[in-house]
Protein chains: 4
Amino acid sequence: MKLTKDQIEDIKDQQSQNNQTKRVTAPKLENILYEAIPALDHGFVRVVDYMGDDTSIVQSARVSYGKGTKKVSTDEGLIKYLMRHWHSTPFEMCEIKYHIKLPIFIARQWIRHRTANVNEYSARYSILDKEFYLPSQENLAAQSISNRQGRGDVLKGEQAEKVLEILKGDAERTYDNYETMLNQKFDGSIIDEGRKGLARELARMNLTLNTYTQWYWKTDLLNLMNFLRLRADSHAQYEIRVYADIMLDTVKKWVPITYEAFMDYRVGGTEVSSKGKEVLKKLIKGEKISIEQSGLSKREWNELMEAFDKKDYLV
Amino acid sequence: MKLTKDQIEDIKDQQSQNNQTKRVTAPKLENILYEAIPALDHGFVRVVDYMGDDTSIVQSARVSYGKGTKKVSTDEGLIKYLMRHWHSTPFEMCEIKYHIKLPIFIARQWIRHRTANVNEYSARYSILDKEFYLPSQENLAAQSISNRQGRGDVLKGEQAEKVLEILKGDAERTYDNYETMLNQKFDGSIIDEGRKGLARELARMNLTLNTYTQWYWKTDLLNLMNFLRLRADSHAQYEIRVYADIMLDTVKKWVPITYEAFMDYRVGGTEVSSKGKEVLKKLIKGEKISIEQSGLSKREWNELMEAFDKKDYLV
Amino acid sequence: MKLTKDQIEDIKDQQSQNNQTKRVTAPKLENILYEAIPALDHGFVRVVDYMGDDTSIVQSARVSYGKGTKKVSTDEGLIKYLMRHWHSTPFEMCEIKYHIKLPIFIARQWIRHRTANVNEYSARYSILDKEFYLPSQENLAAQSISNRQGRGDVLKGEQAEKVLEILKGDAERTYDNYETMLNQKFDGSIIDEGRKGLARELARMNLTLNTYTQWYWKTDLLNLMNFLRLRADSHAQYEIRVYADIMLDTVKKWVPITYEAFMDYRVGGTEVSSKGKEVLKKLIKGEKISIEQSGLSKREWNELMEAFDKKDYLV
Amino acid sequence: MKLTKDQIEDIKDQQSQNNQTKRVTAPKLENILYEAIPALDHGFVRVVDYMGDDTSIVQSARVSYGKGTKKVSTDEGLIKYLMRHWHSTPFEMCEIKYHIKLPIFIARQWIRHRTANVNEYSARYSILDKEFYLPSQENLAAQSISNRQGRGDVLKGEQAEKVLEILKGDAERTYDNYETMLNQKFDGSIIDEGRKGLARELARMNLTLNTYTQWYWKTDLLNLMNFLRLRADSHAQYEIRVYADIMLDTVKKWVPITYEAFMDYRVGGTEVSSKGKEVLKKLIKGEKISIEQSGLSKREWNELMEAFDKKDYLV
């Protein structure tokens, strides 16, 4: 990630702010506010604003449950209770805003989370930066055989080199042709004063999907956790996981108690189906149970055995 | 509005906070933060948190339109432009949280605005306060004859007194019976140690719709403006308009530039239908036009003539 | 539940329709279309429209996963897969619309599910029906001691009678006074031609929360399942569960394959936290584990032991 | 647009369905159900399901306004009233589902409308079709000078040819390289049995933004009208307008009364700001008014004069 002079200046300016407020603050998050945390080769994650902290969740829960919450003596106890019982609305009381730079094909996955507010850089108005994502060698994975949406072994040697060469070559050529069609360089300079450029809203269609875009993305804590649960998961595409992991760390700095509860009940937790429960009950009793008796599919059976360390039961 | 000792204490505590932050602040809103602004006889509006200010809208717009916004030199010019052209997403970048106390029948109107986060006091968990809305004499209006959902003349004398007597009497009796069924007073004291109380989730059904409830209500600036546009309008029910007017004032303190644009383009503006446009064009040309030629209904015609000061054209 | 003549007529008319369509249909749901299924003492649930069936989910999933779904040979296999892996969007492709009559205090719980479309009977425009919910004797439960939002034993004898007397008496008196203030009976007849009635939007505030209202409520299958998961749960308030159970049955008639998967993976399933997983692993291995070692709270521990039939481990 | 044999077969199958239903139907929409209406060079719009018709809107409105709507005698009168007064919820009672094939850069604009349900073809699971959008010569517009997001004159001759050559060449080369990296042709055949292909989720990043994708897109009538109002507007990008225009026509076939009201009050209507109103009032009175007196910006002033045919007042 290389920031432009302007960006570095902007960030400094923002970070030098020192305002007084009667609102609650999250000191650890304040420490990294506005900072551009690198993601992939040219991307970044910046927390640019936030509202509320762990106590805001507690405050809202206490208005809902009124005198009823007096029994739960600590904030931590209450937050864990809310998380365990899927009480959602108190977690909506915190809000965060990120500035994100990311490749377009990842932006397309990301935007499917609809409960967020977004302002994206518009290629109808402006020329996109000349930056494209090129995977590092260890992320150049082959298609998985067993999982249609997964990755298998890492490609090596000549084949890996060829892939990188293609990705780099095509991104550069299509970008150069983008400039040619616009009759304008990425820095704004006109190429040939004698002719008109193609409309930006058309020229952009020549860019490849690894071109970087950027946006402001704002959401509440509940929806952020829904996003992170899916995107920080090991089944998520590596490239979006990089972002999710960084954001997970910002959640830890922002609402540390909620973060712990989230890791315990959501991220580290497991769901067991009605049939799966019957299997576990038998195993606990020390009884024998076979996949045929369980009514589970092979895939379900194996997922269950993996989750509960019964490797010898894998079929 | 009478706050309890605990509430007064809480507000003092909250207002005495003095935190440092690198976030933007809205100084005029900070001045009234946490304050309980009275609404109706027992209700209030409190701003308890916020995120962003006018510059946040501009910042987001500039990331969207990139270098394209350099031409619009001032923040004010840009905000007006966004408002005029219904650019919605930049206004979603600001967020505000209110603590509201309001009668249940108004809460039922309010909640129809779905794009907000809400934590309401739960009468399953706790006993509701012994407070009900009683309209002041000048708000005791008769049913409008011409408008099925409107109010007509103010009721007077004996009839007004009778209405108030009914409202007060029924609210008090049903509340007393609520306590009797709960076997518990509003202050938590048990009435008769020898018997069990009815479940709170059942007993509450005996309360009248003017009983006060309270909630935390959080929304973004765009959706807040949508709410205010409808609820601060002269066609809105008086009781919700009281809240909307107070909130409109908090918007002015929070994002003054956006407030001005909102008043000019939304609140003070008018929509003219395709047929209505043709009528206005003729009037501007000094031509004659009749309701028959216009294709407008009587109601539409009159609304248009009212809006453009052609009282002599009313039919 | 007693329908008016007009309603009975309307339902007959609607049910006598016999249209041709190229859309998919759900024959078992067609059988009960428009029918008023009784709920509580005066309420009902009616399915009044729907879109899609199990094959619509499959169709959408197959466009998403393209050639990738050929491997999953059956529709049932695919729907189970989607449910198990929390693929949400294909389930959003089905839509259903209900006409519901329900008490206001239940409507207030219900409306908190925001992802639905609602048109409620407006008491600003019209007079509400003279119908209020009175619990049957076996549903008159005392407040639970252990669970602040739950019910305990059923009230009996004199106390139960007294509660019913209060509920009935207060509902009737407040309704009579509602009519008096309106100067109009529920059937529309004017009481005293010589005086004006109070505006409907005000008079309604005198009604108790067990008064019935009605609405059209439309949602997609995913959000319906979210609703049912919470509201058909044993922790939900009995009065809303009655509605949820009826609706669950309509889901079975509409999308039978999805219904089965929903019951297995959602309704009958359990979530196990990260710490809970460790406990289960030890139990499966036949090792001893105590609540202290587990890091679980007493409540969590007991919930886990209940779920997995280790009653002797309850503390 | 060229459909594959499979697609043609599928459409025939779907269209040959002839089911009985008690639901309302929209006969004119039934006529074109499932049909692939061509859009751009390889795209299409297909209506694949719908729920409700004009009478569904009326039905919901009548439950809301109860006996209050008896006065409005006709369905048409009621729908116009609802549209004029921005009553939104009755229009949410109709739902429609489209199958759309469109270029990725247009899909990225489209998806910003969040209140819809979407299942997109996933390039993690499957190989994208070898189809890219190439503008026809008359749509190859230069960048507008005056409007940063608009188009100016059409490019001609050699320059146009060069642009088309670039777009075609780059799309084909990047697609060929996509196949090379996947080690698989678009028809599924393996290129070199001896080596592994790059994971699909990575290889796709090499494609250009004019590559076609497809999705099922489902929304309610209110949100569809919001979409169409913006995207069928003359300021929308031509390529998305092509889709919006086709969809506008499907709305006409589906809910003809609502369509007329929409065209009159929304599409053909104008908004006039508070300051703009004062200007129009003066013009109607025959008084002089200058831009300086008006308080309007030059752009606002000109927009107003354009809208009301005062070309001689343009500045």
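The stops below go from a whole interface to its axis and then to another pair of chains. Keep in mind as you click that this is a predicted model.

**Stop 1: chains C and D.** Show these two and hide the rest. Here 44 residues of chain C are in contact with 44 residues of chain D. To see what chain C brings, select α1 (5–15) and α3 (54–65), then the strands β1 (19–21), β3 (43–51), β4 (95–103), β5 (117–120) and β8 (212–220); each of these supplies at least two residues of the side that touches chain D. Colour that side of chain C by class and you get 13 nonpolar, 20 polar and eleven charged residues.

Stop 2: Zoom in on residues 19–21 of chain D, which form its strand β1. This strand pairs with β1(C) in the antiparallel sense, over three bridges. Now pick Gln20(C): its bridge partner in β1(D) is Gln20(D).

**Stop 3: the axis.** Which rotation carries chain C onto chain D? One of 180 degrees, with 0.0 Å of shift along its axis and an RMSD of 0.1 Å. That is the relation of a two-fold axis. Of the residues of chain C, Gln20(C) comes closest to this rotation axis, its C-alpha being at 2.5 Å. As for the contact itself, 100% of the interface residues of chain C are also interface residues in chain D, so the copies meet through the same surface.

**Stop 4: chains D and B.** A rotation of 180 degrees with 0.0 Å of shift along its axis superposes chain D on chain B, at RMSD 0.1 Å. Again the copies meet through the same surface, because 100% of the interface residues of chain D are also interface residues in chain B.

Notes
Residues numbered from 1 in each chain as written. Chains lettered and ligands numbered in written order. Predicted model: local features only at pLDDT ≥ 70, side-chain atom pairs only at ≥ 80, totals over all residues. Contact = placed C-beta atoms within 7 Å. Helix = DSSP H or I, 4+ residues; strand = E, 2+ residues; numbered from the N terminus. Nonpolar A, V, L, I, M, F, W, Y, C, P; charged D, E, K, R; others polar. Pairing = 2+ DSSP bridges. Least-squares fit on C-alpha atoms with pLDDT ≥ 70 in both.
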